[in-house]
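Hi everyone, thanks for coming.

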Amino acid sequence: MSQGVSHFFFYFYTTSQIVMDILQYYETKVYYHTFTYRRMTQISRGIVTLLPWRSFPTGEDENPNKDVYRLAHSLANNDCLWRSQGARFVAFVDLDEYILTMNGVPLIAFIEKKAEQCPQCGSFAVIHRKMYYSSPRPRSEFHWDDIKFEWLINISYGLPEKDGPHKQIVQSKTVSIISTHSTRKSYPGYIDVNVGLFCTEIND
């Protein structure tokens with residue numbers, strides 16, 4: 001939210017009950033967030049939409065999941081793009097990934113400025129870097145109220161992986177088809193560009 005995100009779409013296959021309880025809490029929570037650089041307060045109700053992403057049903061002698069390749073990631077991404085029509089920007093990331101600016105500027109402010117400087121830029125490819133940490137993540141049973149983030153202290157980053165996998169931030173009105181790690185098709189007059197951001201993925 002601090003980076004300017006106003007809504008999250010979660011596509012899930014299976015999840016534990018404790019995680020589902022938290023996600024469902026944010027489905028209905030009223031959230032107030034002040035954007036300092038915009039000098040405005042945004043009120044959001046239901047900042048999360050949960051979307052079951054299950055396999056096809058099977059019969060006694062038939063299992064269509066073995067016969068049909070559904071392009072699962074790409075299909076979910078394009079469903080998200082469709083649901084986000086009307087939003088200024090849409091970012092496609094996994095739960096273990098973070099898109100960060102190099103200078104601490106909020107992500108939304110950075111992308112808005114890039115879009116203003118380049119009107120034909122319809123989508124922005126973010127370079128991938130791995131993030132490493134020295135202390136272990138909590139793995140035993142725990143209560144959510146007791147979670148601390150000391151394990152994120154003293155993190156380090158790998159080298160930029162210019163050949164991918166990239167993550168995309170797109171203007172919803174400019175992109176027709178999104179792939180897992182790239183813009184597949186833009187509407188006429190728009191292009192995809194690399195930007196000076198990096199996407200980090202947590203690695204033990």
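Let's start with N77, which touches F92, I178, S179 and T180, leaving aside residues up to four places away in sequence. Contact here means heavy atoms within 4.5 Å. A word on the source: this is a predicted model, where local features need pLDDT of at least 70, side-chain atom pairs count only at pLDDT 80 or more, and totals for chains, interfaces and linings use all residues. Residues are numbered from 1 along each chain as its sequence is written, and side-chain values use heavy atoms, with hydrogens and water left out.

Where does N77 sit? You'll find N77 in helix α2, residues 72–83; helices (H or I, at least four residues) and strands (E, at least two) are DSSP runs, numbered from the N terminus. N77 counts as buried because its relative accessibility is 15%. Buried means under 20% relative accessible area, exposed over 50%, and partly exposed in between, with a 1.4 Å probe and protein chains only.

Now, the rings. How many aromatic pairs does the structure hold? There are three. Rings of Phe, Tyr and Trp (its six-membered ring) pair if their centres lie within 6.5 Å; planes under 30 degrees apart are stacked, over 60 edge-to-face, and the rest tilted.

One of the pairs is F8 and F10: their centres are 6.2 Å apart and their planes at 20°, so this pair is stacked. F8 is partly exposed, at 29% relative accessibility.

Y11 and W53 also pair, edge-to-face, with 5.1 Å centre to centre and 90° between the planes. This pair links distant parts of the chain, 42 residues apart: Y11 lies in strand β1 (residues 8–12), W53 in the loop between β4 (48–52) and α2. Y11 is partly exposed at 23%, and W53 is partly exposed at 22%.
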